[in-house]
Amino acid sequence: PQQPPAHVTHRHAWRLPLETAGFKIARTCIPLLPRLAVRAIAWTAGTLGWLAGGKLKRIGEANLTLAFGASLAPSERRRILRQAYRHFSLLTLDLFWFAHDTRRRLDRWVEVDPSVPALAEPKRLMVLTAHLGNWEILGMRTASLGRQLMSVAMPLTNPFVDREFIRLREATGQIIIPRDGATRKLLKGIRDGAAMAVLLDQNTPLAEGGAYVDFFGLPVPVSTAPAHMALMTRAHIALVVCLPAPGGKYRAHCERIIELPPEDLPREEAALQLTRRMTASVEAMVRKHPGYWLWLYKRWKFIPPGHDGAGYPFYARASKPGE
């Protein structure tokens with residue numbers, strides 16, 4: 001039998017066969033369902049997940065309180081979190097559903113606004129987005145327009161599921177690049193005319209090129225690598241999102257184009273300034289569409305050195321050297 005990867009603990013290794021079996025069942029059954037059934041299952045599963053509560057729900061509630069404070073009534077926070085649960089359920093099912101007859105289903109169910117830069121094809125393009133809307137379908141749809149799209153993905157703990165998810169993501173021509181050695185490949189791709197997709201709302205340790213940048217008023221570690229690559233290539237940075245639309249469809253549109261700092265700024269200063277600008281743009285997008293962001297993620301996990309921790313959620317901890 002296949003041995004689990006070295007980074008999988010014995011405590012979690014027992015899950016791998018169950019995850020693999022569940023993945024195979026979902027991959028076989030979900031694409032056969034009509035669109036309405038997929039939406040109904042997602043709505044039900046999301047509602048049950050929200051009702052069940054648990055630690056994830058506590059994380060979501062803490063994040064919403066941090067982000068909006070007293071400006072949102074408790075009932076509105078509950079509504080947003082419930083919507084986020086339902087949306088994440090649909091996102092998960094749709095990765096399987098769009099795996100069958102992919103191009104036809106993308107053409108029928110995913111509308112692309114003319115504002116999306118992949119249509120205008122600027123020579124050098126960075127597609128900036130977040131864990132908001134359906135970022136998976138956004139990548140598949142953007143690549144289906146004929147523009148080569150490159151993105152970096154963290155490997156999953158289950159090697160079979162990881163391989164299959166990469167295969168699903170690459171179905172329309174998207175290229176998934178392993179994290180190790182990704183920078184050189186991405187730089188070459190952008191210079192050769194490929195677009196680069198970036199999910200910026202993830203915790204990136206300082207040792208891996210992160211910097212603390214304000215997000216909803218509190219510093220979080222954000223990768224500066226996309227900013228450095230944009231500066232090195234002078235790529236257009238387009239903030240793009242793919243949101244649910246009436247009738248079970250999605251609609252991808254460009255929220256804004258983010259301007260690069262002046263070329264005469266020192267590189268590190270320019271990269272930090274651009275990272276702040278990109279993060280602020282993502283925050284504005286989350287504020288505009290709060291029900292479609294992944295509030296269950298520990299985005300405010302690390303308290304930076306010298307900060308007293310005031311305002312951080314219950315799950316936060318003081319960062320260690322390099323975090």
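Me: Which residues does Phe 302 touch, not counting residues up to four places away in sequence?

Reply: This is a predicted model, in which local features need pLDDT of at least 70, side-chain atom pairs count only at pLDDT 80 or more, and totals for chains, interfaces and linings use all residues. Residues are numbered from 1 along each chain as its sequence is written, and side-chain values use heavy atoms, with hydrogens and water left out. With contact meaning heavy atoms within 4.5 Å, Phe 302 touches Asn 203, Tyr 212, Pro 219, Pro 221, Tyr 312, Arg 317, Ser 319 and Glu 323.

Me: Is Phe 302 buried or exposed?

Reply: Buried means under 20% relative accessible area, exposed over 50%, and partly exposed in between, taken with a 1.4 Å probe on protein chains only. Because its relative accessibility is 10%, Phe 302 counts as buried.

Me: How many disulfides are there?

Reply: A disulfide is a pair of cysteine sulfur atoms within 2.5 Å. For Cys 254, the nearest cysteine sulfur belongs to Cys 242 and is 13 Å away, so Cys 254 is in no disulfide. By this rule, the count of disulfides is zero.

Me: What distance does helix H12 reach from its first C-alpha to its last?

Reply: Helices are DSSP runs of H or I with at least four residues, strands are runs of E with at least two, and both are numbered from the N terminus. Helix H12 covers residues 267-288, which is 22 residues.

Terms used: Expected span 1.5 Å × (residues − 1).
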